[in-house]
Each structure stands twice: as structure tokens, then as C-alpha cells.
Amino acid sequence: MMKDHIVQWDIRYSGADYLFGKAPNAFLASQAGRLRPGQVALAVADGEGRNGVWLAGQGLDVLSIDASIAAQEKARHLAEAQGVQLRLELADLSEWAFPEVAFDVIAAIFIQFAGPDLRALLFRRMKQALRPGGLILLEGYRTEQLRYGTGGPPYVENLYTEVMLRETFSDFETLLLASYDAVIEEGSAHKGLSALIDLVARKPDRPPG
């Protein structure tokens, strides 16, 4: 990730308010029934920790990674306030060494700072980091989000389509792939009618063939 881009996120996260709120992402929370206490989870680009803290509250062992020092300090405070244990690691995702076969769950919620090249790298590393039978829980904006302008990047190439996600995770079992519009209220940064897409994909228990 570009260093100046990380500085920009530090500035965005420097206010007292939580940029995306303190509540978990609604899609992620809706997947609680797929989770089991004791599972090891990775929250990718977890920012101020709202999703990592929620996962920890479900009894998971959570590693929350982000490139912003300011965000992780707020994540630490949020975890303390909610009485959960959250492991934090400062990570430039363009360089971070994802541990292989290490996680039962990977949550990737609105990680659309990543353009096509970085996205392909991240998705590949996320797949490798999952244990057999592990789950990817992903939500993002569809390309139609550009019409709404209620959050996310102004770059169509950073947004998702069903075709792109289905092809990217064709080696996984798709448990859910849904496109829809909904009003979301996630702090000041995600607010209003939004073009969303959700994916739940399961890594095979053994390699194909």
C-alpha cells in the first residue's frame, strides 16, 4: 500500500468519532450462525475494530490487521470497552505475510481501497491463509455504487460484480452470493442507499483432483 495512502487513512481515523461506527457490519453479524467459539479469525483492514471486536465477542480468537496506527489505537479502546480480547497487528497489506493455513474465518468487509492488482494478490493470499473448510465472509460495493456516492472509492475498477467474485472464488464452495441495494448506517463514512454484494465461500476440505 502506498505510504501516503496510509497517512491519509491515519488522518481520517484521527477524530474522536468512529468513522464507520462501533457496531459490526450488518452482513457480518447476520453470519453469526456459521461461527463457532474457539475458531481463529482474521479481520482484514479492520480499521477501528468494529468487526474484529464483534467476532471476538462471539468467542473467536481474532487477529485484527490494519495499516493505520490511529485506527488500531481506537480498536484497542473499543475491545477494552467491550471486554474482549483482540490481537492487533499493524499491516501494510501490500507487503504483509499472510500466514498459510492459519485461520478458520477471514472477514473482508469493504476492503475496496485495493485496485485490481492488489485485490488479486489479497484474495490469493486470503485463500492460502484459510484452513480446509474455512470461510471467507466478504461484503463490498457493486459497480452501481458509483451512482449513489454513499461510501466507497470513486473508482469502478475497485468495485465488485457477481461475475468477478464467482470467477475469483470458483475453487471454493459458494454458500452465499447476493447482490442487492440497502440503506446502511455505518458511522459517517457509509451512510445511505448502497449497492452491496455479499459472499460466503468455503475452502474445500481437500484440494481438487
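**Exercise 1. Strand β7 and its partners**

How many of the 13 residues of strand β7 (residues 190-202) are buried? Determine also which strands pair with β7.

*Solution.* The model is a predicted one, in which local features need pLDDT of at least 70, side-chain atom pairs count only at pLDDT 80 or more, and totals for chains, interfaces and linings use all residues. Residues are numbered from 1 along each chain as its sequence is written, and side-chain values use heavy atoms, with hydrogens and water left out.

Step 1. Strands are DSSP runs of E with at least two residues, and helices are runs of H or I with at least four, both numbered from the N terminus. A residue is buried under 20% relative accessible area, exposed over 50% and partly exposed in between, with a 1.4 Å probe and protein chains only.

Step 2. Ten of the 13 residues of β7 are buried, so this strand is largely enclosed by the rest of the structure.

Step 3. Two strands pair if DSSP finds at least two bridges between them. β6 and β7 run antiparallel and are joined by 13 bridges; Ile-184 stands opposite Gly-192 in β7. Strand β5 (residues 130-141) also pairs with β7 in the antiparallel sense, over seven bridges, and Leu-135 stands opposite Arg-202 in β7.

**Exercise 2. Glu-185**

Is Glu-185 buried or exposed? Identify the side chain with which Glu-185 makes a polar contact.

*Solution.* Step 1. Glu-185 lies in strand β6 (residues 173-186). Its relative accessible area is 52%, and therefore Glu-185 is exposed.

Step 1. Contact means heavy atoms within 4.5 Å. With neighbours within four places in sequence set aside, Glu-185 is in contact with His-190, Lys-191 and Gly-192.

Step 2. A polar contact is a pair of N or O atoms within 3.5 Å; within protein, one must be able to donate a hydrogen and the other to accept it, and residues adjacent in sequence count only if both atoms are side-chain atoms. Such a contact, at 2.8 Å, links the side chains of Glu-185 and Lys-191.

Step 3. The C-alpha atoms of Glu-185 and Gly-21 are separated by 8.4 Å, although these residues are 164 residues apart along the chain.

**Exercise 3. Glu-48 and Lys-74**

Locate Glu-48 and Lys-74, and describe the contacts of their side chains.

*Solution.* Step 1. Glu-48 belongs to the loop between β1 (40-43) and α3 (50-57), whereas Lys-74 is part of helix α4 (residues 69-82).

Step 1. Glu-48 counts as buried because its relative accessibility is 3%. Lys-74 is likewise buried, with a relative accessible area of 10%.

Step 2. The side chains of Glu-48 and Lys-74 make a polar contact at 2.6 Å. The side chain of Lys-74 also reaches the backbone oxygen of Asp-17 at 2.6 Å.

Step 3. Beyond residues up to four places away in sequence, Lys-74 touches Tyr-13, Gly-15, Ala-16, Asp-17, Tyr-18 and Glu-48.

**Exercise 4. Helix α3**

Which residues of α3 are buried, and what covers them?

*Solution.* Step 1. Seven of the eight residues of α3 are buried, so the helix is largely enclosed by the rest of the structure. They are Arg-50, Asn-51, Gly-52, Val-53, Trp-54, Leu-55 and Ala-56.

Step 1. The covering elements include α2 (26-30), β1, β2 (61-66), α4, β4 and β6.

Step 2. After α3 comes Gly-59, whose phi is positive, near 95°.

**Exercise 5. The largest pocket**

State the volume of the largest pocket and describe its lining.

*Solution.* Step 1. On a 1 Å grid over the protein atoms alone, a pocket is an open set of points with protein on both sides within 12 Å along at least five of seven lines; lining residues have an atom within 4 Å of a point. Grid points are joined across faces, edges and corners, and a volume is the space filled by probe spheres set on the points.

Step 1. The largest pocket has a volume of about 750 Å³. Of its 36 lining residues, Trp-9, Arg-12, Phe-20, Phe-110 and Phe-113 are the closest to its centre.

Step 2. α1 (3-12) and α3 are the elements that give two or more residues to this lining; the largest share, five residues, comes from α1.

Step 3. By class, the lining holds 17 nonpolar, 13 polar and six charged residues. Here Ala, Val, Leu, Ile, Met, Phe, Trp, Tyr, Cys and Pro count as nonpolar, Asp, Glu, Lys and Arg as charged, and the others, Gly among them, as polar.

How values were computed. 1 Å grid on protein atoms, 1.4 Å probe; cavity = no way out; pocket = protein on both sides within 12 Å on 5 of 7 lines; lining within 4 Å.
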